[in-house]
Amino acid sequence: MQRIALVTGGTRGLGRAIALALRDAGYRPAVVYLRDTDAALRFTDVTSIPAYKWNVGDFHACRLGVLKVAYELGPVDILVNNAGVMADAMLHKMTPEQWWNVVQTNLGSMFNMARQVVGGMRERRFGRIINISSVNGRKGQAGQTNYAASKAGVLGFTRALALENAARNHGQCHRARLLRYRDGRRPGARHAAEHRCRNTRRQDGNPGRYRPHGGVPRLR
């Protein structure tokens with residue numbers, strides 16, 4: 001039986017590439033989008049990957065959306081929190097709307113989505129949660145106090161979640177992957193695991209851990 005993988009912000013860019021890589025690796029992916037329904041329909045027509053529409057910054061919408069995915073496809077075994085927005089401005093010109101929209105989408109979505117799936121992962125003793133962060137969450141960037149704060153929060157969230165679950169041998173691994181800028185845009189995964197998944201089990205039954213690497217995350 002194929003494991004279900006859910007990718008937020010998955011109809012274009014990095015999210016699309018992740019969904020296709022998961023499909024090619026033998027998983028059954030689904031994606032979440034918010035605005036461009038026509039693009040989502042084209043994505044599904046081309047890839048045969050189902051696309052679901054909801055706002056990952058809204059906890060109630062995430063709860064209903066994940067329930068729908070579970071009903072139609074099966075429980076989510078792999079979650080990739082990729083959805084993110086930017087609203088750049090120097091802090092002395094930034095509006096509350098610019099601040100909270102970025103923080104709620106980029107960081108709030110981590111809780112909103114992970115909260116819906118982590119309980120089932122614990123029960124099934126298997127789960128993978130991959131959270132997409134940014135190099136600017138480490139080094140900061142002028143005009144991006146909102147974005148840098150949200151992406152730094154993703155790293156702390158991921159470390160704490162790993163300690164709650166993988167460290168207690170619930171068969172889960174939680175990873176944060178950094179993005180770097182390329183040609184002035186937001187693509188390109190940079191190899192970085194921001195925590196260790198302690199006491200996970202390799203196929204030989206011995207304690208192991210995931211290590212930093214490039215390419216498609218090792219999910220098995």
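1. In this predicted model, the contact between helices H1 and H2 is made by Arg-16, Ala-19, Leu-20 and Arg-23 on the H1 side and by Phe-43, Val-46 and Thr-47 on the H2 side. Sorted by class, the residues of this H1 and H2 contact comprise four nonpolar, one polar and two charged.

2. The geometry of this first pair is as follows. H1 covers residues 13–24 and H2 covers residues 37–47; their axes are 13 Å apart and the packing angle is about 25°. Because angles under 35 degrees count as roughly parallel, H1 is described as roughly parallel to H2. The crossing of H1 past H2 is right-handed.

3. Ser-48, which is not a glycine, has a positive phi of about 65°. Ser-48 sits in the loop between H2 and strand E3 (51–53). With a relative accessibility of 63%, Ser-48 is classed as exposed. As background, most residues other than glycine have a negative phi.

4. Arg-125 is partly exposed, at a relative accessible area of 49%.

5. For the chain as a whole, the secondary structure consists of six helices and nine strands. Of the 220 residues in the protein chain, 47% are buried. Where contacts join residues at least 6 apart in sequence, 61% of them link residues at least 24 apart.

6. The next helix pair is H3 with H4. The axes of H3 and H4 lie 9 Å apart, and the two helices pack at about 35°. Their crossing is right-handed. From H3, the contact involves Phe-59, Cys-62, Arg-63 and Val-66; from H4, it involves Phe-111, Asn-112, Met-113, Arg-115, Gln-116 and Val-117. By class, the H3 and H4 contact contains six nonpolar, two polar and two charged residues.

7. Which aromatic pairs does the structure contain? The search of the whole structure returns two. One is formed by Phe-59 and Phe-111, whose rings are stacked, with 5.6 Å centre to centre and 20° between the planes. Phe-59 belongs to helix H3 (residues 59–72) and Phe-111 to helix H4 (residues 96–124), so this pair ties together parts that are 52 residues apart in sequence. Phe-59 is partly exposed at 34% relative accessible area, and Phe-111 is partly exposed at 45%.

8. The other aromatic pair is formed by Trp-99 and Trp-100, with an edge-to-face arrangement, 6.4 Å centre to centre and 90° between the planes. Trp-99 counts as partly exposed, at 26% relative accessibility, whereas Trp-100 is exposed, with a relative accessible area of 54%.

9. The H4 side of the contact includes Trp-99, Val-102, Val-103, Leu-107, Met-110, Phe-111 and Ala-114, while the H6 side includes Tyr-147, Ala-149, Gly-153, Val-154, Phe-157 and Leu-161. The class composition of the H4 and H6 contact is 13 nonpolar, seven polar and three charged residues.

10. Phe-111 takes part in the contact of H4 with H3, in the contact of H4 with H6 and in the stacked pair with Phe-59. Trp-99 takes part in the contact of H4 with H6 and in the edge-to-face pair with Trp-100.

11. Is Gln-104 buried, partly exposed or exposed? At 34% relative accessibility, Gln-104 counts as partly exposed. Gln-104 is located in helix H4. Leaving aside residues up to four places away in sequence, Gln-104 touches Gly-57, Ser-109 and Asn-112. The C-alpha atom of Gln-104 is separated by 8.2 Å from that of Ser-150, a residue 46 positions away along the chain. Ser-150 is itself one of the H6 residues in the contact with H4, and Asn-112 is one of the H4 residues that meet H3.

Terms used. Residues numbered from 1 in each chain as written. Predicted model: local features only at pLDDT ≥ 70, side-chain atom pairs only at ≥ 80, totals over all residues. Heavy atoms only, no water. Axes fitted to C-alpha atoms, helices over the stretch in contact; angles between N-to-C directions. Helix = DSSP H or I, 4+ residues; strand = E, 2+ residues; numbered from the N terminus. Parallel < 35°, antiparallel > 145°, perpendicular 65-115°, else oblique. Left-handed = near helix turned anticlockwise from the far one by under 90°. Contact = heavy atoms within 4.5 Å. Nonpolar A, V, L, I, M, F, W, Y, C, P; charged D, E, K, R; others polar. Phe/Tyr/Trp six-rings, centres within 6.5 Å; stacked < 30°, edge-to-face > 60°. Buried < 20%, exposed > 50% of the residue type's maximum accessible area, 1.4 Å probe, protein only.
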